[in-house]
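The entries follow the order in which I went through it.

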Amino acid sequence: IVDSLTSLILKGDTLQAMELFYSETVIMQENEGTTRIGKMVCMEHERKNLRRIKSMEAKLLNQAVNEKNQTVFSEWQYLFTTLDNKKFKLTEVSVQYWENELVAHEKFYYKEAVAD
C-alpha cells in the first residue's frame, strides 16, 4: 500500500494519492503550524498549492516503514517550477500514522524552499 501511495506522489498525482490513501478524518500539519482536519480540507489545501506552480518533480530519498506501529517516515526532495518559471527546491520529511490501511495523521518537517 505504501509503495502504491509513493508511486502516485512520484508521478505528481498527489490529489489521487490523497483520494485513495487518506482517511476521511485525516489530520495534517506543516511543521508546527495549524492542523488541517478532514480529507476534503486537506485536498483543497493541496489544490491551492498546485494552482501556484507549473510543475513539480518528486524524488524519494529515504523511507522507513514500521508495520507493527503502522508508521511511515519518508524523506522527499521536490523541485517546483512556479508559473513565472522560477525553480525552487524543498527537502522534507513526512511522518505518517496509518489506521485501517489509510493515512490517519501526517506531519511534514521542512525549512523554507530555496531557489534552485
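**Strands and their pairing**

I began with strand S5 (residues 87-99) and S6, which pair in the antiparallel sense over eight bridges. I note at the outset that this is a predicted model. S5 and S6 form a hairpin with two residues between them, and in the turn Asn-100 has a positive phi of about 55°.

I then followed S6 (residues 102-110) to its pairing with S1, which is in the parallel sense and runs over five bridges. Here Met-28 stands opposite Glu-106 in S6.

Next I turned to strand S3 (residues 53-66) and strand S4 (residues 71-82), which run antiparallel and are joined by twelve bridges. Among the pairs I looked up, Leu-60 has Trp-76 in S4 as its bridge partner. The hairpin of S3 and S4 has four residues between the strands, and in this hairpin Gln-70 takes a positive phi near 55°.

Which residues of H2 are buried? I found Thr-14, Ala-17, Met-18 and Phe-21. Seen down the axis of H2, these buried residues fall within an arc of 95°, so they line one face of the helix. They pack against helix H1 (2-10), S1, H3, S3, S5 and S6.

I checked the length of H3 as well: at 1.5 Å a residue its 13 residues should span 18 Å, and the end C-alpha atoms are 18 Å apart, which agrees. In H3 I found Lys-39, Cys-42, Met-43 and Glu-46 buried. Seen down the helix axis, the buried residues of H3 fall within an arc of 95°, so they too line one face. On the other side of H3, Met-40 and Arg-51 are exposed. The buried residues of H3 pack against helix H2 (14-21), strand S1 (22-30) and S2.

**Charged side chains**

How many salt bridges does a search of the whole structure find? The search finds six, and I looked at some of them in turn.

The side chains of Lys-39 and Glu-24 meet at 3.2 Å, N to O. This pair links distant parts of the chain, with Lys-39 in helix H3 and Glu-24 in strand S1, 15 residues apart. Lys-39 is buried, with a relative accessible area of 6%, whereas Glu-24 is exposed at 53%.

Arg-36 and Glu-30 also form a salt bridge through their side chains, at 3.0 Å, N to O. Arg-36 is buried, with a relative accessible area of 12%, while Glu-30 counts as partly exposed at 21%.

Because they are three residues apart in the helix, Glu-44 and Arg-47 are separated by about one helical turn. Salt bridges that share partners join Glu-44, Arg-47 and Arg-51 into one network.

I also looked up Glu-46, which is buried yet has no salt bridge: the nearest side chain of opposite charge, Arg-36, is 6.6 Å away. Leaving aside neighbours within four places in sequence, Glu-46 is in contact with Thr-14, Leu-15 and Met-18.

My last entry is on Gly-38, whose place is in the loop between strand S2 (36-37) and H3. At 12% relative accessibility, Gly-38 counts as buried. Gly-38 and Thr-25 are 13 residues apart in sequence, yet their C-alpha atoms are 4.3 Å apart in space.

Key: Residues are numbered from 1 along each chain as its sequence is written. This is a predicted model: local features need pLDDT of at least 70, side-chain atom pairs count only at pLDDT 80 or more; totals for chains, interfaces and linings use all residues. Side-chain values use heavy atoms; hydrogens and water are left out. Buried means under 20% relative accessible area, exposed over 50%, partly exposed in between (1.4 Å probe, protein chains only). Lys and Arg count as positive and Asp and Glu as negative; His and the chain ends are not counted. A salt bridge is a side-chain nitrogen of Lys or Arg within 4 Å of a carboxyl oxygen of Asp or Glu. Contact means heavy atoms within 4.5 Å. The expected span of a helix is 1.5 Å times one less than its number of residues. The arc is that of the directions from the helix axis to the C-beta atoms. Two strands pair if DSSP finds at least two bridges between them.
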